[in-house]
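Open the model in a viewer and keep the selection panel at hand.

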Amino acid sequence: MEVGFLGLGIMGKAISVNLLKNGFKVTVWNRTLSKCDELVAHGATVGETPAEVVKKCKITIGMLADPPAALSVVFDKSGVLEQICPGKGYIDMSTVDPETSTKISQAITSKGGHFLEAPVSGSKQPAETGQLVILSAGEKALYDEAIPALNVIGKKAFFLGQVGNGAKMKLIVNMIMGCMMNTFSEGLVLAEKSGLDPRTLLDALELGAIANPMFKGKGPAMLQSTYTPAFPLKHQQKDLRLALALGDENAVSMPIAAAANEAFKKARSLGLGDHDFSAVYEAVKNPK
Ligand SMILES: NC(=O)C1=CN([C@@H]2O[C@H](COP(=O)(O)OP(=O)(O)OC[C@H]3O[C@@H](n4cnc5c(N)ncnc54)[C@H](OP(=O)(O)O)[C@@H]3O)[C@@H](O)[C@H]2O)C=CC1
Ligand SMILES: O=CC(=O)O
């Protein structure tokens, strides 16, 4: 099966390499074209533009930073729309809001193409090992056609119905994750300031009812102020912002998420946007 792939950031690169390792032919494109070189070394071919990739492949996957990026690769000159047509599918795995996804869906389907939104839960390592959780919605026929690729990319692919439902589910999951990371950071600071060893807090958490892979995986590095990006902090803040907008639309009061968003905004203002999202700990440590 030949698959196109647009966007070779942390996630796009990991997913593309995994597809290549599992026998898929992959044609890649990235805004900064030099990032395609590493993929070529793994056996990929390169398209000069998103349109060129779509022309070549029956199914093309996008994994872009945010709503403006997701829209740009579809609507701009030499974008996806120029070559999408009946028989071709576009799967957007970027984390975006339902409105962005719907706009893309309408444009693709109005040209006879097929569309699936499929944001993923899980970070760099699950992307490398095909252990993502895929939250898809849109055209069921495209979902069914893409199952061989989705099964390589993830450990579970949900199909959630109409376009927008995948985006909403992803934003809710990441709203919860951002709140957890913020409160975890507060707990580590409180342990330290009140005279406890935060490493003992990690041990106690790990043995109790709120143990989770995120605290276990991120905690020790946070205590060493190491924030090698797996999930960039700027994207976590984007997800909180978009989740809060979803809360506004639905009149859902979310004071915890609003407070977490402020902490992530503070971290961005400290220049930590490209660090791992666990760097919010630095903003919690230094709130001024
Ligand atoms: N990292 C993670 O753990 C996870 C991330 N996500 C989501 O997946 C998406 C990608 O994340 P990630 O790979 O970490 O992000 P990165 O920041 O590593 O990569 C972003 C990608 O988007 C491209 N891009 C940015 N702006 C534009 C633009 N205007 N036009 C075209 N391309 C653009 C970048 O191209 P260039 O190289 O040229 O800058 C790059 O390929 C995001 O929506 C994120 O929220 C979802 C699950 C986990
Ligand atoms: O969106 C980030 C993730 O880890 O999932």
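Which backbone N or O atom lies 3.0 Å from an oxygen atom of ligand 1? Select Leu64: the atom belongs to its backbone. The pair is a polar contact, meaning N or O atoms within 3.5 Å, where a pair within protein also needs one atom able to donate a hydrogen and the other to accept it, and residues adjacent in sequence count only if both atoms are side-chain atoms.

Before going on, note that this is a predicted model, in which local features need pLDDT of at least 70 and side-chain atom pairs count only at pLDDT 80 or more, while totals for chains, interfaces and linings use all residues. Residues are numbered from 1 along each chain as its sequence is written, chains are lettered from A and ligands numbered from 1 in the order in which they are written, and side-chain values use heavy atoms, with hydrogens and water left out.

**Ligand 1**

Stay at ligand 1 and select Thr95, where a backbone N or O atom is 3.1 Å from a ligand oxygen. Next select Asn30; an N or O atom of its side chain is 2.7 Å from an oxygen of ligand 1. On its own, ligand 1 exposes 900 Å², and 88% of that is buried by the protein (accessible areas by the Shrake-Rupley method with a 1.4 Å probe; for residues, only the protein chains shown count as cover).

Now show the whole shell: 25 residues surround ligand 1, and the closest are Asn30, Thr32, Lys35, Ser123 and Lys238. A residue belongs to such a shell if one of its heavy atoms lies within 4 Å. Colour it by class to see 12 nonpolar, nine polar and four charged residues. Here Ala, Val, Leu, Ile, Met, Phe, Trp, Tyr, Cys and Pro are nonpolar, Asp, Glu, Lys and Arg charged, and the others, Gly among them, polar. H4 provides the largest share of this shell, three residues. Helices (H or I, at least four residues) and strands (E, at least two) are DSSP runs, numbered from the N terminus.

**Ligand 2**

Move to ligand 2 and select its surroundings: Ser121, Gly122, Ser123, Lys170, Asn174, Met177 and Phe231. Oxygen atoms of the ligand lie 2.8 Å from a backbone N or O atom of Gly122, 2.8 Å from a polar side-chain atom of Lys170 and 2.8 Å from a side-chain N or O atom of Asn174. H8 gives the most to the shell, with three residues. By class, the shell has two nonpolar, four polar and one charged residues.

**Helix packing**

Select H8 (residues 165–193) with H10 (residues 213–223): they pack at about 45°, their axes 12 Å apart. That angle makes H8 oblique to H10. Then select H1 and H7 (residues 140–153), whose axes come within 9 Å and cross at roughly 115°. H1 is therefore roughly perpendicular to H7. Axes are lines fitted to C-alpha atoms, for helices over the stretch in contact, with angles from 0 to 180 degrees between N-to-C directions. Under 35 degrees is roughly parallel, over 145 roughly antiparallel, 65 to 115 roughly perpendicular and the rest oblique.

**Two loop residues**

Select Ser78, in the loop between H4 and strand E5 (89–92); its phi is positive, about 60°, although it is not a glycine. Finish at Ala251, between H11 and H12 (255–269) in a loop, where phi is also positive, near 55°.
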